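Student: Hi! Could you walk me through this one?
Tutor: Happy to, let's have a look.

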Amino acid sequence: MPTASIPAASLKTFGQRLLSASWQEGACRGFGLLPFWSTRQIDIPLVRRQPTHREAYGHAWKDDYSWMECTGKAFDKHLDQEKQYAKQHFQQSKKLLACLRKELETKEQSQLATFPERWGKFSYRTEQSKARPLPTYLRTDLQGHEQVILDVNHIQAKSAFVSVGQVKLSADQQIMAYTVDKDGSEAFEVRLQSIEGPVNELDTLADVSSIEWAGSSALVYTQPDAQGRPFRVMKHRLGEQQERDVCLLQEDNEDCFLALAMTDSAYVTINSNSKTASEVHLLSCADPDQPLRLVQPRTAGLQYFVSHSQEQLYILTNANGAANYQLMTAPLHTPCSAHWKPLVPERPGTAVEDLEVYASHALLYERQQGRPAVSVLNLLAQTSKAAESQQQAAGEVQDSLSASTSKQQQTAHVVVEVRNELRNSQRQHHELEQRLQDEEDQQAVLQQQQQHHHQQQLGATTAEHPQLAQQPQLATLGFPSWALSIQPGANPDYHTHTVRLHVASPVHPQHVYDYHLDTGQLQLLGAEQLHRHDPEQYVCQVQYASAADGTQVPLTVLHKKGMPLNGSHPALLTVYGAYGISLETGFEPERLVLLDMGWVIALAHVRGGGELGRRWHAAGRLLHKMNSLVDLEACLDHLLQQGYSREGLVGVQAASAGGLLVGALLNRRPHDLLAAIVRVPFVDFLTSMTQPELPLTVHEYGEWGNPADPAVLRQMRELCPYQNIHTAEYPPVLATCSVTDPRVPVWGPAKWVAKLRQHQIGPSPILLLSSSDTGHYAHEADLLENSALEYAFLIDAFQKKHDTSNLNPS
């Protein structure tokens, strides 16, 4: 690998020399310096243009490709032509693809098995191998007998496409329920099977979104409406026909989705969530026939999530302006917000992302200054402190009452003496009698005040007792400094003494820890081992790019150690930036292929994501969405200014909502980009958001805004990748879409690719790969092949860029 700036004459073979130097000896023997592409001309699909006048909310525009939205046979034929065109393009890189597949396989473990997690008398684990790449679920009893309870490979073998979603065990661990998606549409069916002894199939339920057990004999599940929104919760009794299932709750507000979660095995929470408000009901697992219990009615702007332990609710909420969430408690029998008491207040620089409550402790999954962290709260200690506080308050009240009683006795004694004096003298004195009455009235008032004060003190919060107001003792777990991803394990046992945690970074494979709740010990169980991989050979840093408004945008940068920062290296910039979801910084072994070839990989944590909490999200949504694009540009400029790459050598990559940002960046700065790879991109933004009849559109108003607002509509028009395509020399573009995708309509990427190609004045290919059954998410079995195609596309773009530079040096 060269150690200085590469002269123009060397650019042509730079990629090949990186390959031959970095890959295993002989992996690409015979490939040598052959180019990755052929000069043979491939016929570009002819796409029918049918200008259509469109209008929405006072804005009118022309759309040449709106006919695709009707889908049908003509559109199916068009997708097939696009797929054939893309396949012909990749056929010219088949040797490169073969090398990439082989190299990617070396980055994968030959066999991956999880460490067992105990729940009662069983331990559970999964395993995968090259021969059986999908998970196999196993459990072992106390005598060491192991049983296969679910083999996803076996299910997959029976169908062209099958994706297993949720896997749930009943409370007695005798029945398993799992969801199956047969075509990527996220229209699941539920299969129930007995796993006590030989596996025996039981009931099957159709048209399901999500599931949760209520004890061992009742399964509750959500069902979607015609738009795919989970709007109804049903209860199913084992052995009964689905037609007899009972509706527990129906949510008719189109802004809201229903979701299910288990607390401590005592209650299932039924969560009705919009983008800005929550409402939670509790379903008893001991008696699922009981009426639901409402925690707090929906209130505009109030979001909350509930866990339960020992007759106490633990509530993660933004109440009282805690944008990054605080932890509050309430008695189970008086759960409304009037009874919520603060336990862990919102803390500067810390955003709470999730909560797990066990019998003795609670774990808060957080981001502290943008980095993942886990804090632990000892609930038993909190209960003990609360009891001490109550006891101390009761003691103070008793002392106060004793003093009050003494005073009352003195007063009574005075009254008796005065009355005796009156009787003995037989005189009626009006003023003295009035004095007696006043003394008795004061005595009654004093007694009433003392009783009221007694009640207040017994129920007082620490805020009402400054002398008792102490912050709960949170312990933040001490993971290695490189840890940039922390994920909980299954942790199914409410009474557990250990909590399973998975820790990784972009260059560190997953490390598995057990945290011992009783002792506070953090125990490393082991780590994934990859052939010839040494994390110390890579640099992984969180840097900050300066946006135009001065905002510092986190940027995770990866590259080989010792690489000169001379602007000569190709880079891949990845972004998401929506819904408050953080761009994951865990370990993805396929990235090592590019890193070993001398590429720089950067992850842009732009506003709209959740890396710096909910305020960071709010700064990149609704009328602030343009900030996400501004931040992405800042990250691109940072890579160029710091010498990681140079104009024209930075590829960009995104999926779904992140595709909106990449599409907008392509329109703004096509000459600065090497290539763009977008998976199921949300690029026909304006068309989708101005059609409320489409699935999810109304619900999405909370993220993107309602186009009925002129300011929102104006921003949508400015951002929309499809609307802002213009005549330019665009870089190579690879897009994917799926016919069964319920989130991004298949016609969105198809229209975008057609319009891009219409306005393309350069030679770079613009490709569309469609699928008939993968839906919004790639199938696990396809990940390696998808990575090989994407990396081949990037390397091909890099080679062609250098070949052109060699012919026309700048």
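Student: How far apart are the closest N and O atoms of D596 and K560?
Tutor: They are 3.9 Å apart, and the two form a salt bridge, that is, a Lys or Arg side-chain nitrogen within 4 Å of an Asp or Glu carboxyl oxygen. This is a predicted model, where local features need pLDDT of at least 70 and side-chain atom pairs pLDDT 80 or more, while totals for chains, interfaces and linings use all residues. Numbering runs from 1 along each chain as its sequence is written, and side-chain values use heavy atoms, without hydrogens and water.

Student: Which elements do D596 and K560 lie in?
Tutor: D596 is in helix α7 (residues 591–596) and K560 in strand β33 (residues 552–560), so their pair ties together parts 36 residues apart in sequence. Helices (H or I, at least four residues) and strands (E, at least two) are DSSP runs numbered from the N terminus.

Student: Is D596 buried or exposed?
Tutor: D596 is buried, at 9% relative accessibility, whereas K560 is partly exposed at 24%. Buried means under 20% relative accessible area, exposed over 50%, partly exposed in between (1.4 Å probe, protein chains only).

Student: How many salt bridges does the structure hold?
Tutor: There are 38. R757 and E82 make one of them, at 2.9 Å from N to O. R757 sits in helix α14 (residues 747–759) and E82 in helix α2 (residues 72–91), so this pair ties together parts 675 residues apart in sequence. Both R757 and E82 are buried.

Student: New topic: where is A657?
Tutor: A657 is in the loop between β36 (650–655) and α10 (658–668), and its 3% relative accessibility makes it buried.
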